[in-house]
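Subject: Structure handover

Hello,

Here is the structure for you to look over. My notes follow below it.

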Amino acid sequence: MSTIIHYNALRKTVHDRLLLDIDTLEIQEQACVALSGRNGAGKSTLMRIMAGLEMPDSVTVTLDGKTLPWHRACQKMRSHVIYLHQQPYLFDRSVTDNIAYGLRRRKLSIREISRKVSEALDWAGIGHLQLRNARELSGGERQRVAFARARILSPRILLLDEPTTNMDSEARNQTYRMIRQLKEDGVSILLATHEFCTVAHLCDVHLSLESGHLRPQVIDTASAERKIIPYG
Amino acid sequence: MESLSAATAESFRLLFSGDAALWVIIFTSFSVSVRAILIAAPFAFVVAFLMAHLRYPGRRAMIAGFSAMQSIPAVVVGLTVYLVFSRSGPLGDLQLLFTHSAMIIGQILLSFPLLVALSHAAFQAADRRVWETSVTLGAKPVRAFLTLIHEIRFGLVATFIAGFGRIIAEVGCSMMVGGNILGYTRNIPTAIALETTRGAFAQAIALGMVLLAMALLLNGLLAFFQGRGVMSS
């Protein structure tokens with residue numbers, strides 16, 4: 001597996017506290033990385049920096065082997081990396097319009113957008129919701145719309161910020177299935193969680209964020225295997 | 001002095017008989033105020049957005065300044081515009097005094113702080129995820145801004161209506177910079193002031209009824225849009 005993006009010497013101070021002090025972090029192709037840490041450890045801040053939504057104090061970004069200045073890296077990251085909030089925001093418009101939002105920014109033809117949206121709706125199993133206003137959906141349905149909206153843009157890296165928080169077991173399993181499908185589609189995933197055991201079955205690498213530092217953890221494959229959710 | 005009941009009856013006759021002089025005044029009022037608010041609102045929304053989303057020195061002072069400027073009396077704004085555009089003023093050569101343009105400039109200055117202060121509150125209350133989601137899905141800043149505008153549209157429409165309400169009924173500024181010229185710069189509030197001093201209550205009451213109807217309509221719309229302006233997650 002080759003490295004897509006490499007963040008070196010990433011530092012971020014928040015309210016005079018050094019929140020992130022990461023020597024190196026790399027995301028490899030088709031990897032699923034779990035990022036664990038207690039609440040307030042800086043997981044969301046790290047993801048927002050990785051998505052180019054927040055500026056670090058310092059960082060060196062190497063994308064596809066090229067080291068880029070921050071503003072250039074930001075532009076590039078935005079076309080490769082998609083960040084999904086803990087509770088994804090859906091625009092006050094129809095499910096179809098939400099899913100098509102990113103495609104419209106890429107100036108595809110109406111026919112192409114329509115075809116891709118239709119595929120995405122099928123993929124997420126939300127075809128029956130396509131004309132509904134996204135604000136009227138349940139938490140699980142919203143999550144599926146958000147995943148479809150992200151997947152349709154074919155990102156290389158998907159940053160998922162505690163995607164199963166406040167979900168019932170059925171919605172959680174559905175989310176796990178979509179993450180697994182995305183992984184099989186070749187998308188690299190960084191999955192923030194404060195309970196690694198709940199996502200162990202999905203992940204290849206486990207990084208723990210403690211006192212601003214990233215510490216690699218060993219995945220107990222045997223226990224992870226037992227947590228695999230049946231596919232499909 | 002004519003009796004109140006006779007004046008009121010006459011005012012209805014003027015309104016519904018299509019009295020040309022009266023309707024020119026009404027048209028002037030709306031023409032000037034609509035143009036003023038349409039020019040002021042987009043700039044005010046951009047300023048409010050920048051104040052809500054950027055961190056820079058003096059930001060808090062700027063917010064406080066716009067809040068304070070909401071209470072500047074219309075007549076003071078009128079005096080300022082008058083001095084600027086009077087023959088000996090810095091922009092006297094433009095010869096804008098006692099024209100619609102001067103009235104529009106005055107009303108823009110009058111509504112701008114209110115539009116900025118109210119829309120700033122709407123932008124500040126907007127969910128940060130709107131901007132971030134737009135950007136992460138590939139929107140450029142202008143598109144992300146338009147998406148944000150769409151998401152808080154009810155709050156902004158309420159702001160727009162409040163701003164329009166402020167200028168359609170103001171008398172001080174229009175009187176000073178418009179000059180209350182019959183058939184040209186005379187608008188509803190200045191006409192009411194003039195007709196009342198002349199004892200011609202019928203036209204004043206008729207115009208007052210138009211303003212009152214407008215105020216009720218604007219307040220109804222304001223309540224409607226403020227109610228719908230609550231953002232869901």
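Helices (H or I, at least four residues) and strands (E, at least two) are DSSP runs, numbered from the N terminus. With that in place, A:Ser211 sits in the loop between β9 (205-210) and β10 (213-217) of chain A.

Some housekeeping. This is a predicted model, in which local features need pLDDT of at least 70, side-chain atom pairs count only at pLDDT 80 or more, and totals for chains, interfaces and linings use all residues. Residues are numbered from 1 along each chain as its sequence is written, while chains are lettered from A and ligands numbered from 1 in the order in which they are written.

Confidence

The model scores ipTM 0.89 and pTM 0.86. Chain B has a mean pLDDT (the predictor's confidence in each residue, from 0 to 100) of 92, and 96% of its residues reach 70 or more. Within chain B, confidence is highest in α5(B), at 97. It is lowest in helix α11 (residues 201-228) of chain B, at a mean of 86.

Chain A overall

Chain A has seven helices and 10 strands. Its radius of gyration (taken over C-alpha atoms) is 18 Å, close to the 17 Å that the globule rule (2.2 Å times the number of residues to the power 0.38) gives for 232 residues, so chain A is as compact as a globular protein of that length. Its C-alpha atoms fill a box of roughly 45 × 40 × 35 Å along the principal axes. Of the 232 residues, 42% count as buried. A residue is buried if 20 or more other C-beta atoms lie within 10 Å of its own, exposed if 12 or fewer, and partly exposed in between, with C-beta atoms placed from the backbone. Two residues are in contact if those C-beta atoms lie within 7 Å. Among contacts in chain A with a separation of 6 or more, 72% join residues 24 or more positions apart.

Cores

A nonpolar core is a set of buried Ala, Val, Leu, Ile, Met, Phe, Trp, Tyr and Cys residues joined through C-beta atoms within 7 Å. The largest one has 118 residues, and A:Val33, A:Leu158, A:Leu159, A:Ile189 and A:Leu191 touch the most other members. Helix α5 (residues 100-125) of chain B supplies the largest share of this core, 15 residues. A second, separate core of 12 residues includes B:Phe201 and B:Ala202.

Leaving out residues up to four places away in sequence, A:Leu159 touches A:Met47 and A:Met50, among others. A:Met47 and A:Met50 are among the buried residues of α1(A). Helix α1 (residues 43-50) of chain A is mostly covered, with seven of its eight residues buried. A:Gly52 follows α1(A) and has a positive phi, near 80°.

Interface

How many residues of chain B are in contact with chain A? The count is 15, against 18 residues of chain A. On the chain B side, α6 (128-136) and α7 (141-151) are the elements that give two or more residues. α6(B) gives the most, with six.

Most residues other than glycine have a negative phi. A:Ser211 has a positive phi of about 50° although it is not a glycine. A:Ser211 counts as exposed, with 11 C-beta neighbours inside 10 Å. A:His15 also has a positive phi, near 50°. A:His15 lies in the loop between β1 (3-14) and β2 (17-28) of chain A. A:His15 is exposed, with 5 other C-beta atoms within 10 Å.

Best wishes
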